[in-house]
Structure formats: C-alpha cells, structure tokens
Amino acid sequence: MRIAYTNQDTDMSFYKRRYTEGTMITSWGDTLPLRYTEVRANITGMLADIKVIQKFENNLNKNIEAVYVFPLPCDSAVNSLEIKIGERIIKGVIKEREEARRNYEEARDEGKKAGLLEQERENIFTMSVANIEHGQEILVTLTYYETVKYEDGEYEFVFPMTITPKYIDKTQVKDSEKISPPVEKRLAGREVNLFINLDARFPLGEVKSPTHLLYIEEKGENIRHIQFAKEGELPNKDFILKYSSSGEQLETSITCYRKEFKPGTFMLHVTPKIDYGPDEMVKREIIFVLDRSGSMGGRPMEQAGKALKACLRTMRAGDIFSIIAFDDRVEHLESQSIEFNDTNLLRADRYIDSIRARGGTDILSAMEGALKIPANKLYVRQIVFLTDGAVGNEEFVLQEIKKSLGKSRVFTFGIGPAVNRLLLDGMVEMGRGTARYITFNENIEEAIQKFSNQTSFPILTDISLEWKDASVADMYPVKIPDLYFGHVLYTVGRFHSSGKATAILKAMTGGGEFRQEIEIDLPDESTEYPLIETIWARKRIDSLLKKMGEKPKEKHEIRDEIIGIAMRYSLMSPYTSLVAVEEGDDDEEQKEKKEIMRVDVPSMVPEGLNRDAFAGPAQRTVLSADHGSTMKLSHSPARYTPRPMSAIINIKRDDSSGPVLMRRAIMSEECPSPGPSAFQKDPLPAPSAGKEVFTGGAIYSRTPRPFTDPAFSTLPPADKMDEAENEKGIVWEESGPLSFECEEDFDESPVSPEPQVCEMKSGEKITPEMIDLTFKYLVRNQNADGSWSKEVLEEKKVISTSMALLAFIKEGHTSKAGNYIPQVSKAVYFIQSHIDNLSGMALALSTMVFIEIFKHSDKKKERKDAEKAIAILKDNLYKFKNPTEKTFASLSVKSAVTSGLMSEEELPETDKWLSEGKDSAKMISNIAKMDDIIALFLCIISGKEDFINSSVDLLINHYVRGGPQEGSINIFELNPVDTTAQGIFVLCQNRNLYENRNA
C-alpha cells in the first residue's frame, strides 16, 4: 500500500472552524441550514457513479423550508433522490415538473417532510427541503452518472462546488432568480468532503489535483482511494481530479450493457490512427477575444493575460491575428487582422498589459465583433475566447452565435475557480473546437501547449461512423464533432444485433480522405454496466432539446418525447423533477399546519472573489409562512482580491512530476489519517499501519509562511510548540534536521514582492525537470519566424536555433511527437527556408537536425529532407577550415552513417576531423562570448573528466530558477535566448552525462 498527498495548491492550513457547507449566518447569530455536503464517487473505467449527500439542520425555533441552488456537471444524468430522517427513508419519484412542484407544496403546507429537486439549467439545480423542525437533522442524497473525460493521454473528473454570480440581461432571462442564489456576506468556513474509489481498469500513473490537497491510498496498480487531506475544505472552487496510465494511451475502448433478448447500449471511444506532420499545418487567422468584465478582475485577469500572450506565441509566420477585449463594450486592437511578426507581437503584448477589468459580460456582442472582422478565404478562422462565462442567458447566446458562426472554429479557455462550463462547452460544440479550463494554481504554459498542439494541425472533419455486420441506431452525438490532436472520438448508441462487427470511421484531413476500421464484438447479454443505458438516455434528451431549438414548430411533440424518456429512466430534465414526500401519519397533531420560514441558502463566492461586490446590503433571503416575495440580490461588478505570495516548504521528494507533498509515504500508526464520513457507517478503509519511509517519526504540516529566507534551522518538537505556532507554517520531522525546497510559486499581484531569481551553484545537479523548464523558457521566447536567436546574421540565428532543436529532439520532442510539436515545427521550417544558403557550422548543425528528425520518424518526407541536407553538406565540405566546423561536420556524417543515409567511405576523413576537434578542447573558466559555449561542447566530447565537470558546472552556475527568466541560462552581457539555446544543447547532447551526475 502506498499513500500520497498531492495538489498544485500550496495552502495547507487545516481549518479549525466548523461552519459548514451552505451555512448562512443570521443577524441573531444562529447558523442555517445546510450544514455539510459529502461527495462519494465510484469511478470504474470511463464511468462515474456519484452520490451527493446534503445534511440539513434547523437551529431556529420555527419550522423552516431550506432552498438551495447548486451546480452539477452539465452532462450529469441525475436519477435518484432520497431523504433520511432518523431511521426513516423517503424515496423520491420522477414526475412531470408541474406535478412534482404541486405535490411538494401540498406536502409542505400540510406540515409533512418533503424534498424537491428541480433542474434550472443543465448544470444548475434547486433543492427544496420542507418542514425541518427545530433541532432536527435531515440527510438528502441525490445520485447521478457521467462519463470521465479523456484527452491527450489524461483522464479528468470534475465536481463543481459553487456558482459564479452572473451578468444577467433580464429582458432575455425570465428566470434569473432561479439561477442567481443569494451570495453569502462573509466567509462562513463551510465544509465539504469528498471520497473517491477509483478503479481505472488499467495500471495507473500519476494521480493529481490542480485544485485541492489530496490523500491518496494505493490499493493495487489499478485502484486508488482518494479523499481530501484537509478538514473543513471550502466549497468555493470546482474540484478537479486528473490521472493517467502508466502504460499505453487509450486507443479503442467499447463498453456495453444489454439484457437478454433486449436491445443493447454501447459506449465507444476511438483514437484515430492518423500521422500528423509539419507539412499538414494550415494557415490560420486567430481572433483572440478577452473577457475584461468585473468578474474577471484580479487573478482571473492576470491569468487570462498570461494565457493570451502564450497563445500568441503558438502562431506561425504567415498566420494573421486580432485581439478583442470586451465587457459591456467591445474594443479591437485593430479593425482587421494583422500579420504575425515580431513587431505586431510586441504591440499585442502592450495592448494586453493595458487591459483592466470593468463592466458586465456581453459575450454575444464580442462574438458579433469577431465575426464582423473581414474574413480571408486563404485562412482557417479560429476564434479563441478567454472568459469565466459569467452570464445567465446561455441559451440565448448559443442560439445567436449559431446563426452567424459560419465556418469559424471556436475555442474557449475557462479562467477561474467556478467557470460556466455549460456555456463554454456549448460554444465549442457548435464551433467545432475544444474547451480548456485553467484554475489559479494550474500551469498556464502546459494548458496553452496542449491547445497549441491541437489547433496547429488539420483536424478530422466530416466524420462519419458506419457499421458493417451490425444493426446500430440512435447514436449520439448525432453529428460527430471535428477531432483535434490528442482527442478521441466518443459516441453512445443502441444496437440490436450481436456477434462480430466492424465500425468504419470515415473523415477528411488536409491530405485527403481518411478511413479506419475497428473490429468490435457485440454481446448477447452484458449486465456489468447498467448506467451506460442511463447516460445514453441523457444524451438522447440533450439531442432532443437541441432539436427543439432548431424546430420550434415541433416543440410540443419533442417535449412529450423528452418526458417519456425521462420518466422511463427516472431522469431529471427541464420538464421532469424528483420529488420525495412523507407518506401518511396517524399523528394528527403532526399534520397541523405550522408557520414555516423559507430560508434561501446563500452561495459561496468563488475563491478569491470579493464577496462584498456581490452581496451588497442584502444579508439573507427569507420567506415567511405566507411565501411572499423574495428579496432581490443586487449585482455589481466583481473583482478578485490579491493573494499573498505562496511557497512550498516541504520534505525532500523523489523526482516524480508535479508538486507532491509526502510523496508515496507509508504512514505510521501515529500519523493522523483523514476522518470518516459524516454519514456512512462504512467509509473508505483507514490506511494500514506501516513505517514512515522518510524517518521514524510522524510528519506535521501547516500553512507555510511566505518565502523570505532559505536558511532555515531545525525546528523544535511539535509537542513543545503551542497551537498558534503550529498554525504559522511549520513542517516538522521528528528524527532530525529538515531539508527544505523553495518551489517559487510567486504571485505577481501588487502586494507580493518581486519574483526572486535564484541562480544555481557549481556542483548542483541538472535534472530532467530543469531541462523542461528551459524548454518552456525557449517556447515563451521563440521569434515569430520560428528561430531562437536575437542575432542579426542569419547563419548565427540558424546555429542557435539548430542547437536548441537538437536539445528538444534529444529529449523526445519532435515535429510529430512530444509536448512542443508546433514550436519544433516552426523552428524546422525556419531552418528549411535557409538550408540552401548555409555553410560551415550552421550547415553542419542544420544537417544534424534533419538527420535526427528522420531517425525519430523514419518517414519518406523526413528522409528526403535529410538526404537533401546531406547532399548540400557533402558539396560544401571543402569549405570547412577550422577544427570546430570540422567537428560538427564529422558528427553530422557519423549520424548520417548510423541512420543508413550514407556510408563512411564517402567521407574518409571524418574520424580524423573528430579527433582533431577533441584535441583542440581547452578548459574554459569564464563565458564571455557565444564562441565560449561552443568551446564547452568540445570539452564535453573530449572525454576528459575534468573538462566535462568544469564545463557542465560552468553552465549550471548560470542556470536561473525562479522569476520571469526561470529556465534560462543567463550570462552577463550576452542575449539569454541565444545562450539558453546553445547552453541547453551542450547539457543535453550526452544524456548519460547528466544522468550519471544525478545518481
């Protein structure tokens, strides 16, 4: 058994307060009425079965009706409601919405216990619980099913916890009060807990959360038990769980459910086997649309600005772009799209820096502004929205966008802790794009890199799925959306046959027609996954709702069909609700009508949002027994409050990727484990006793102080420190001095100090993580033409760019694979455009690049490029004069020989040139010019241990950790882009060297 604590959030304080989820603090000091929320999820393969348990309690001297508006995933299939009062259990039943409301109100007015669950939007629900008596506790449990998302080798499970207050045009949104719950006035320390049984059905790799600190128990290679590691977690941001396979990525997966002699239901995932290459990249016009409304103020605005700058740098020479900023007004960088070059990139950066949050959120006007920009038929238009989607008129916005979208592709970046996924997912569905969501603590560069990998290559369009030897019907989505790099085809449907069958995937690519056949076995009977049928029914309802918008004349027929499906599968929908009513009771006194007070449970403001901007003067919304009018919530623009600088001060960990606290520790008996469920008698099993792998003592963790000085001393034992001191940021290990790390997660808000630049010292290790930071630095600083250099002479630019490329390729990042496909492709094109005019070292390095790319792909196109470069090299060998040039030429030749592109006999002097180069190596004690870095490479290949160690230490001494230059090799009076490009080449060319240094 292994245990891990992991998250991206460095705040590790354990809350002592016991105000809980949904609690409203009244003016007379009582707490009302939703005390606790618990989430229990069972994830099996691609399917998730989730129970949400809400604990209501009444401390008032009157009966109350609690009304709570809350979010669920927009594709959740909600199908069960249960109320527990003591030992009594009241089961909910599905009814038409009007009838369910009527039954509930009658029971409420008769003094009976009752619960009503209504769907206001696909992702917003209202729970009403009537006649909670003084001192009484009621548990309400709802159940829903959904599928786990899969993209680019990573699985994702999301549970939304709060609702971002929305910008609402009441002329378009007639039910605004139903989707705008009151907002709590002050932080009440509300509590939510979460337990997940994850059975991935494959060997698990990394399991992490970018939003919360987790306690993870390993129960086998496929299974993890997961729960929050902190008590008193606040429901003020969405919970996100991400995990991956330790082996192969998902290719084809089919899951079926079928009762004997009945039609079956299937869920199919297919990864198209298509070879993407740099020649298949298309010219793009990208229109970036940035939300500057009040709800984006502070950290979301900062995140969006960084994301937009990173997006710009994924473009290629020949692309064009435009930037629009909007609130309730729309502003343009230019009235038409402009060329992507270094000059316009600088203009764009300055414009982004000038944008400040203000006003409302008029997404529709922003989209209209983007579509009014004159289009160029030579370019594929991509519209990229960066927003939190804080609007209430989603349906109207989506309908209007669909009318005028045309062939434009739409991509969305959801910024913040509680994004409107219903709107953003809807936009990309009709715009045939993809949606990404970025939390405050998530690495923006990684999210942008995945976006770039997807949008830089042609997609599968006009997709169809045909069947051979099978009877298949009612597949959803009806129209399969375009597929992007890293995406999988997902569909659910019904089948009426059995046995061997073939699914035939047909589509179009930039290179022509695409076809792939998938062999499938459809069963006569399979009952392991009954929830697939419910998920299919929900997809059918969603499809019918879209059809209703397209064919308003058929509204009544479609409505009846939706109700029929919902009733058959016990599903929530806009026209059906779940209602639970206490049955007859002989106690007449209990049936007496009593005064009842309605209490609207306030929504918690998302993390970092200024609650005063939303709450206004209203502290609560209360209805008396006569159910009078509701107090309206005043809405004003919101802003995010600055957050103090954070840091991680933790126990040394292994080289596993991602911020991990107490990585893979087997807990001792003394180590406190997370508490059991507040409701279940059989919570997740407590971790087995074991030994602490780091030392023999327990580990105590509290909130770290902002980083000020890395020189910490050993701390006293925990039993000699008072509780207040423990809360100030102590990480203590009983058996000896601590080893600290400074993970500089600096906040750039005005209250934070400037990011600290920590240069490495001689003798320190170079790690794969540091190399990846260098790649990210180079990605951030790539020129519009694809080069990595600030030199004026083209040959010098080619030298730096080629050396950087060879480092990327050495680490597995090519123009067809790895994490930096668009950037590597741009750099390769830059070199290709100059290859005919190169000589000397620039030609030798360029040739080496094309040979190495061919080695990694073994494709005809790459072979042709490599053979062309080798031919040019052979024609110019007589021009190579000095030992350095001859050394690189000989290395290119040897690489060509090992790849089978030429024979050693063609250039017999290769060994002599290489030997002369190694002999010419001289110890370098200081880097004063770019040629010194080239000289360091000669020291590396010389084979002399003292030369190697000195050279590597000299480069490491200039490696920067922290601040905006993190990952660079920064040398005084030399341009950091060139020094980094060449320096990382030197460090990466001998992989065994730095691996041995790390041992």
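Two rings of Phe, Tyr or Trp (its six-membered ring) pair if their centres lie within 6.5 Å, and planes under 30 degrees apart count as stacked, over 60 as edge-to-face and the rest as tilted. This is a predicted model, so local features need pLDDT of at least 70 and side-chain atom pairs count only at pLDDT 80 or more, while totals for chains, interfaces and linings use all residues. Residues are numbered from 1 along each chain as its sequence is written, and side-chain values use heavy atoms, with hydrogens and water left out.

By the ring rule, the count is 20 aromatic pairs. Take phenylalanine 888 and phenylalanine 985: their ring centres are 6.4 Å apart and their planes meet at 35°, so this pair is tilted. Phenylalanine 888 belongs to helix H18 (residues 883-898) and phenylalanine 985 to helix H22 (residues 976-988), so the pair ties together parts that are 97 residues apart in sequence. Helices here (H or I, at least four residues) and strands (E, at least two) are DSSP runs, numbered from the N terminus. Phenylalanine 888 is buried at 0% relative accessible area, and phenylalanine 985 is buried at 0% too; buried means under 20%, exposed over 50% and partly exposed in between (1.4 Å probe, protein chains only). Elsewhere, ring pairs link Tyr150, Tyr155, Phe202 and Tyr243 into a cluster.

Now for a sheet. Four strands line up as E19-E20-E30-E29 in an open, antiparallel sheet, where strands pair if DSSP finds at least two bridges between them. Its edge strands, E19 (252-257) and E29 (472-476), each pair on one side only. Six bridges join E19 to E20 (residues 264-270), and isoleucine 254 stands opposite leucine 268 in E20.
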